[in-house]
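I opened the notebook to look up a few things in this structure. My entries follow the display.

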Amino acid sequence: MNPITGTRHGAAGLRAERVSREAGGRLVLDGVTLTPPPGATVGLLGPNGSGKSTLLRVLAGTLVPAAGAVTLDGEPLAAIGRRTVARRVAVVDQHAVTQVELSVGDVVALGRIPHRRAWSAPTGADDDAIREALERTGLTDRRDQSWHTLSGGERQRVQIARALAQQPRELLLDEPTNHLDIQHQLELLSLVTSLPVTVVVALHDLNLAAMFCDRIVVLKEGRVVAAGTPAEVITEVLIADVYRVRAVVTRDGPDGRPSVRFVPGPAE
């Protein structure tokens, strides 16, 4: 036990140990283990249906694994309690929609719900957390703007701000760059990777994963088929095996991060 943090040695943070999950009679996750290093950005890669979104929901505690366990600082997630988990783990889904007329500030304030008692008034700590989240995401001047008037990229930034207002130590994101143009993809991932939190992010774009992730986990048919640094994982052989396409992978730059160029035609 760490006397400072109160956590078990080697068990700090959010971890999945050999988790499995079925859906519609099919094994969606099959013995997946994920142990994000504290403060790192871990990218989840894999084709559609590989289990990325399901794994994120299992990590968040919104889905219960059929086998294996998810732990937070060494304690089973199911034993901790939803409010406690929500104070530590924030989730940003692909598409956030609401029919209610809310301002940007209202949406960001939702992140404070786990820290407040029911029907209690906002505290100074709530106000400070909301203001800091808006500042960090560049949304201070949008605080009173209607959510429904925002572009897709702006809405994603608001969802990041809402997650930051939770003051989490772990941040889970499911395809946050979907439907964003290149500029907003780069801006959003630059923001996410600059945060002082552990990030697990599901991505489709291999080049974005190579640029921004410290480590990468690749899923195929619910199983982990590769894990490591981008340079270790993103290879022509892996792309052909997992995605069934041909690619040329180069390693330019001083850090040796890979760059992927796809080649027309199926993989051999």
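I looked up the charges and found 30 positive and 30 negative side chains in the protein chain, with the centres of the two sets 5 Å apart. Lys and Arg count as positive and Asp and Glu as negative, while His and the chain ends are not counted. The place of a charge is NZ of Lys, CZ of Arg, CG of Asp or CD of Glu.

I noted that this is a predicted model, where local features need pLDDT of at least 70, side-chain atom pairs count only at pLDDT 80 or more, and totals for chains, interfaces and linings use all residues. Residues are numbered from 1 along each chain as its sequence is written, and side-chain values use heavy atoms, with hydrogens and water left out.

I then looked up the fold and found ten helices and twelve strands in the protein chain. Helices (H or I, at least four residues) and strands (E, at least two) are DSSP runs, numbered from the N terminus. The C-alpha trace spans about 60 × 45 × 40 Å along its principal axes.

Next I checked burial: 46% of the 268 residues are buried. Buried means under 20% relative accessible area, exposed over 50%, and partly exposed in between (1.4 Å probe, protein chains only).

Where is serine 103 found? I located serine 103 in the loop between β6 (89-92) and α4 (104-109). Serine 103 counts as buried because its relative accessible area is 16%. Neighbours within four places in sequence aside, serine 103 is in contact (heavy atoms within 4.5 Å) with Arg143, Asp144, Gln145, Ser146 and Trp147.
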